[in-house]
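Trainee: I would like to go through this model by question and answer. Let us keep it short.

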Amino acid sequence: MSVDHNEKYIFEAEWYDKVASILKKFYLYYYPSDNTVELFDLNTRKMFLKRTKCDGIQAKDFYVGATVTIFSRCIRVTDYADCNTRTKLQTKMQKTFAMVKPDIVDNLGEILKRIISCNFHIANIKMIKLTQDQATNLCENEGETNIAYIVNHLTSGPIVALELLGDHAITRWHEVIGPEDSEEARAKAPSSLRACYGKDRVHNAVHGSADQEAAQKELDFFFPTSKSMQKGPANTATLENCTCCIIKPHAVQAKLTGDIINDIQKAGYIISAIQQFSVNPFDAEEFLEVYKGVLPDYGLMVGELQSGPCIAMELKHKDEKFDVQGEFRRLCGPMDPDIARQVRPNTLRAKYGKTKVQNALHCSDLPEDGILEVEYFFKILES
């Protein structure tokens, strides 16, 4: 079978050029036959990078919302640039909506580990407290007898909304979660999420979109695009008795989110808000400004925070007298993962960190910083 060496996928992409202080927009061409890329600058209408091989990237890295590193430049894929690319990739690489229901939010880390192990990419995540109206609208396709019970359940506590991306995502997610009734799931699909975590037909742990139309509608509601000019449901940050934790972009990209959150929850912390953010260079500099002139790695830290999506969390503890900020900082461990592995090998940075900059997590250093940092993400960046 002959290989078409000129077959290509074309995407719209952008990269913030720190030297020139401008956001550059490109057509990004990817040639699957030989794993080469090409960049065409849309501002200058000139070739920015001629077709060349780029180590460390492969076909599965190219999708809308992805950040790909091309010769040290973190380039964000924002859209498909032609119908051929859209048709080829959208039919195979589907997106679907998933929901973790209130009674198993405390098992979020375990659920995320399962999602990632099943080769889904978590393209977005947000904790939300649904109103009666929002929950009722989500249940419009349910039988009338069930609606009141389901609405009561969905509004009984926070839910976690997820955008999942993967090959034939809608069908495969249904296979992972199992039949709607948890009792039936235990009989027919004993390893499914509903079999493991659900109780009955209403308290069935997780939700998945019925089809492509439903997936798009649910995703548009929970994760509206900037083009739609809509605002999604509010986050659940309380800005009280809390500390801030950020899973850094390199750890998100390395699919460590589930493991890290699982360890945090197992250590007794409550996630009272969680959301994915793509931090621009200005905001990254502002957020980390306290380290400017203090840490020699400040510039690299800024570069890491804006290199791709990160996941911010507001963390609390059941015991209000618990020093949540100080104890969580101890759980994270020393900033340098190599030192952490020597002196405190069970800490999060020892387990998941790579370097002093790519050390998996940012945590609030001082008691007064906890609320301020949570506020920065969940109030200022969210607005």
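Trainee: Is Arg201 buried or exposed, or does it fall in between?
Mentor: Buried means under 20% relative accessible area, exposed means over 50%, and partly exposed is in between (1.4 Å probe, protein chains only). The relative accessibility of Arg201 is 41%, so this residue counts as partly exposed.

Trainee: What kind of model is this, and what pLDDT do local features need?
Mentor: Residues are numbered from 1 along each chain as its sequence is written, and side-chain values use heavy atoms, with hydrogens and water left out. This is a predicted model: totals for chains, interfaces and linings use all residues, side-chain atom pairs count only at pLDDT 80 or more, and local features need pLDDT of at least 70.

Trainee: Which residue forms a salt bridge with Arg201?
Mentor: A salt bridge puts a side-chain nitrogen of Lys or Arg within 4 Å of a carboxyl oxygen of Asp or Glu. For Arg201, the closest N and O atoms are 3.8 Å apart, and the partner is Glu180.

Trainee: How many residues apart are Glu180 and Arg201?
Mentor: Helices (H or I, at least four residues) and strands (E, at least two) are DSSP runs, numbered from the N terminus. Glu180 sits in the loop between helix 5 and helix 6, and Arg201 in the loop between helix 7 and strand 10. The pair links distant parts of the chain, with a separation of 21 residues.

Trainee: Which residues do salt bridges with shared partners join into one network?
Mentor: Follow the shared partners. They join Asp323, Glu327 and Arg330.

Trainee: How many salt bridges are there by this rule?
Mentor: One of the pairs is Asp79 with Arg86, at 3.4 Å, N to O. The count by this rule is 17.

Trainee: How far apart in sequence are the parts that Asp34 and Arg51 tie together?
Mentor: Their side chains meet in a salt bridge of 3.2 Å, N to O. Asp34 lies in the loop between strand 2 and strand 3, and Arg51 lies in strand 4, so the pair ties together parts separated by 17 residues.

Trainee: Is Thr243 buried or exposed?
Mentor: Thr243 is in strand 11, residues 243–247. Its relative accessibility is 0%, so Thr243 counts as buried.

Trainee: Which side chain makes a polar contact with the side chain of Thr243?
Mentor: A polar contact is a pair of N or O atoms within 3.5 Å; within protein, one must be able to donate a hydrogen and the other to accept it, and residues adjacent in sequence count only if both atoms are side-chain atoms. Contact means heavy atoms within 4.5 Å. Leaving out residues up to four places away in sequence, Thr243 touches several residues, including Met313, Phe328 and Val374. The polar contact, at 3.4 Å, is with Ser364.

Trainee: How far apart in space are Asp259 and Ile116?
Mentor: Asp259 belongs to helix 10, residues 257–266. In sequence, Asp259 and Ile116 are 143 residues apart. In space, C-alpha to C-alpha, they are separated by 9.8 Å.

Trainee: What is the phi of Arg45?
Mentor: Most residues other than glycine have a negative phi. Arg45 lies in the loop between strand 3 and strand 4. Its relative accessible area is 53%, so Arg45 is exposed. Arg45 is not a glycine, yet its phi is positive, at about 60°.

Trainee: What is the phi of Asn241?
Mentor: Asn241 lies in the loop between helix 8 and strand 11. At 47% relative accessibility, Asn241 counts as partly exposed. Asn241 is not a glycine either, but its phi is positive, at about 45°.
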